[in-house]
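Trainee: Could we go through how a contact surface between two protein chains is read, step by step?
Mentor: Let us look at the model together and take one feature at a time.

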Amino acid sequence: MTYQPQADFGTPASRADETVTLTIDGRAVTVPAGSSVMRAAAEQGTAIPKLCATDMLESFGSCRLCLVEIEGRKGTPASCTTPVEPGMVVHTQTPRLQQLRKGVMELYISDHPLDCLTCAANGDCELQDQAGAVGLREVRYPAGDNHLGQCKDISNPYFDFDPSKCITCSRCVRACDEVQGTLALTVQGRGFGSKISAGLASDDFLGSECVSCGACVQACPTATLVEKKVVEIGTPERAVVTTCAYCGVGCTFRAEMRGEQLVRMVPWKEGKANRGHSCVKGRFAWGYAQHQDRILKPMIRASIDQPWREVEWDEAMAYAASELKRISATYGKHALGGITSSRCTNEETFLVQKLVRAGFGNNNVDTCARVCHSPTGYGLKTTFGTSAGTQDFDSVEDSDVILVIGANPTDAHPVFGSRMKQRLRQGARLIVIDPRRTDMVRSPHIAADYHLPVRPGTNVAILTALAHVIVTEGLADDEFIRERCDEDEYRHWADFVALDRNSPETLEPVTGVAADLVRGAARLYATGGNGAIYYGLGVTEHSQGSSTVMAIANLAMATGNIGRRGVGVNPLRGQNNVQGACDMGSFPHELSGYRHISDKAVRDLFERDWGVSLDPEPGLRIPNMLDAATDGVFKAIYIQGEDILQSDPNTAHVAAGLAAMECVIVHDLFLNETANYAHIFLPGSTFLEKDGTFTNAERRIQLVRKVMSPLNGHEDWQVTQMLARALGLDWAYTHPSEIMDEIARLTPSFKGVSHQRLDAEASLQWPVDDKHPDGSPIMHVDGFVRGKGKFVVTDYVPTDEKTGPRFPLLLTTGRILSQYNVGAQTRRTANEVWHDEDVLEIHPVDAEDRGVRTGNWVKLASRAGATTLRALVTDRVAPGVVYTTFHHPETQANVVTTDYSDWATNCPEYKVTAVQVAPSNGPSDWQQDYQAQSTRSRRIVQRDAAE
Amino acid sequence: MNSLDTLIRMANQIATNLAHEPDPAAATAEHIHLFWDPRMKQMIRAHDGTGLCPVAQAAIARLAMAA
């Protein structure tokens, strides 16, 4: 579309059901009660001049530009702060108003640099627009005191702050407060001395608490806060709405373009997942798309000790197909497999699993959800009947009690984290169950009512203790249970949790959490009104990950917190399309829509459509593939968009598995760590270069739209199709919409989904079927998908990963705001400025015992391996617990993690590893060996040189 | 840990976590049937039972009978 800025109605929409009719400039308009006059005028199509107002923020009434006259009232009230009333008669343009506005604007412009022609915001500046709108033609004031010529703050890698251009409208400060909730910005001083400041006067933006979400930049009506890319490139000339490729929140953005050059990503205000907000990754960290490290030509090599050789696509495909066929003929078809990616689209993921099932002839397909949310799929399907969260994000607006367990939303799901904080500041109560004191526990204007600093590995015990209190103190919702759940199973569960051995007092030595905290938290969750549970990988990545998910479901059912807004069980998905990858049949035991491969009726459906016979037996999961590889029976793998060497546990075992294969095909943007063990590299395309869909954590399916041509020449679905055709499959898709049509044809929960419909309606939340033709924001409203809700006894089973004299500390891992997963994308952006290495958080007591200080190199060792990294001494972690992130391959935190896993799904037990920490003076043996191998493996013989 | 050791550990884990099912051995067998690939099932069936807990042993016996 041609560039148009997003519509701005001046003040937020009212959610009132009743309406008010008034007259504005002689025309009647009907709007929801509680709307401002400014909003009513905007909805009617009348743009009242404004500067301090924007519909992302509450009205403020400071700029005095939006004055109106109202019949029967004295003066000229600000339209942004004046609510509509029935019969009100408003005039927005009169000689008096024109004169007042001109006067106000004249004052603003008298203290503003008149450099419009060379200003980065020229043509995209509200101040400029409003000067025109009020008819300002001259500034009569002589030169005097002003704010011109002040130093710019260019410390932030993504945007500049030029105080000379600031009109002190406070939109940036209010955006930081109301939208983001960080409160990093403030207005320092008073009157003429007022100045926007990030933190203390001594701070610059980079050194302040600013999290670079960009809400202030978006809110700024001048060029005071402006993206460096706009300064560098110029203003955009078109905009395309697309979906972010980072976390599972699924923010939608306007990719604002000039030609095929991306100028900036601006959160789309109509996006239902993000409501116009973003984080530093989605808004700014897209530079990796053009990074010099991108591999744009296919490459092959006979063995991993050889350098790569660039080839044409045809040669790469022919080589890949011949190798796959050779291996299948030599070792049998079960020697092949594939891994789909949660970073790729639904359509691409569907094709990879189809390639494995229909092309390789087995079910050896898995996805990276194996190592994150596979227990969610198992646990919620078992208890509720559907492998997905129950709510939409808007639901949190009606929550009274929010229980966050094993999740760090302000870092890992920051846009939803801000929504959550907004609700908490409105008065909702908060329970946090986490070994670390995350920012949710305490940050400006946020304080958890209860923080249960649970010992890693004891989630089931603490949840059972909560259930014990609910059952034994008569806090269960008997009516809900009677109507909606299997009562016999409930009684069995209730009898179990009521046992003395499950009381908070008995379990206190196990969980490390004081019994009175557990009792208080349980009472609050059960009796505090609408209770919503949000959880993340701190729940799933345990030996009892699936049990923990079911324990959460038990709690929600026992308290009746399912089936309406404000409640529910909400898995916060790590990557952008984890939900979608799971939906698309990426797991080895089930086809799309979570239907088991052994179901003949389902298999018949696919066999008829695909024209092949399908293997009725489940295939290998990722860890099973690696085990089979080291056993010598699994020989070839096609990996799309995943870096299992860095992301999966026990790196040495992953490396051994990959090294044992004869054909590793990596399809990715970069030569990732896994590619060090690959024989064929197929260049991938970024989310900016492809069409398709992502499905976010609230089951919301949204379009990904191509905004530029793929640098590698092909979208990823096309690459998979080329491989399929080289193997003899007659695929002939011409657009991802045709793949989605096939998905809809074969998957009941996607029956009503199509690209055409998504284009028209922006998003749909599955199931979209005959019963729910417009989708399902909230699930299990009239009953559980499985019929009666199933209570499952979840007995605490201690992990086999024990601390002892050799490894006395517990390591738990996680993420940080500025980096994403293995960092393949964010490490190739300016986000490195915030987190250029993984560090080890260690409690002061443990640090003191070992003579470790912040910044010291330490060796982190487990029974699986050892690595070195710098220490950060902090009481964010409890004594006995250490924590690190896994974003950097130089550290390779997963060298240390073990291959222990969840009992039901094999999801790795990343969150509990017994370790020792000791001062170190250099890299571990693994790091040294790996660095040498990595350098050797990344050699490329360019095509021209080879010829 | 070799593959068989891993499978033994996995089977024991499943059995332990399904201990509260009405028929733990049947539930364990069903879980393995639904989620393990044929080679893994064959390996555990062929194993002599060493290292398996009683419920897992019973489950594997059921799997062997059904195969």
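Trainee: How many residue pairs are in polar contact between chain B and chain A?
Mentor: This is a predicted model, and between chain B and chain A the count is twelve residue pairs in polar contact, with both residues at pLDDT 80 or more. By class, the side of chain B that touches chain A holds ten nonpolar, eight polar and four charged residues.

Trainee: How many salt bridges does the rule find across the interface of chain B and chain A?
Mentor: The rule finds three across that interface; one of the salt bridges joins the side chains of B:Arg39 and A:Asp631, with 2.6 Å from N to O.

Trainee: Which helix of chain B gives the most to the side that touches chain A?
Mentor: Helix 1 (3-17), helix 2 (24-35) and helix 3 (38-46) of chain B each supply at least two residues to that side, and helix 1 gives the most, with eight residues.

Trainee: What area do chain B and chain A bury between them?
Mentor: The size of an interface is often expressed as the accessible area lost when the parts come together. Here chain B and chain A bury about 2,200 Å² between them, 52% of it on carbon and sulfur atoms. B:Asn17, B:His20 and B:Phe35 supply 29% of the area that chain B buries against chain A, more than any other three residues.

Trainee: What is the radius of gyration of chain B?
Mentor: Chain B has 10 Å, which agrees with the value near 11 Å that a compact globule of 67 residues would have. Chain B contains four helices and zero strands, and 51% of its 67 residues count as buried.

Note on methods
Residues are numbered from 1 along each chain as its sequence is written. Chains are lettered from A and ligands numbered from 1 in the order in which they are written. This is a predicted model: local features need pLDDT of at least 70, side-chain atom pairs count only at pLDDT 80 or more; totals for chains, interfaces and linings use all residues. Side-chain values use heavy atoms; hydrogens and water are left out. Buried area is the accessible area (1.4 Å probe) that two parts lose on being put together, summed over both. A salt bridge is a side-chain nitrogen of Lys or Arg within 4 Å of a carboxyl oxygen of Asp or Glu. A polar contact is a pair of N or O atoms within 3.5 Å; within protein, one must be able to donate a hydrogen and the other to accept it, and residues adjacent in sequence count only if both atoms are side-chain atoms. Ala, Val, Leu, Ile, Met, Phe, Trp, Tyr, Cys and Pro count as nonpolar, Asp, Glu, Lys and Arg as charged, and the others, Gly among them, as polar. The radius of gyration is taken over C-alpha atoms; the globule rule is 2.2 Å times the number of residues to the power 0.38. Buried means under 20% relative accessible area, exposed over 50%, partly exposed in between (1.4 Å probe, protein chains only).
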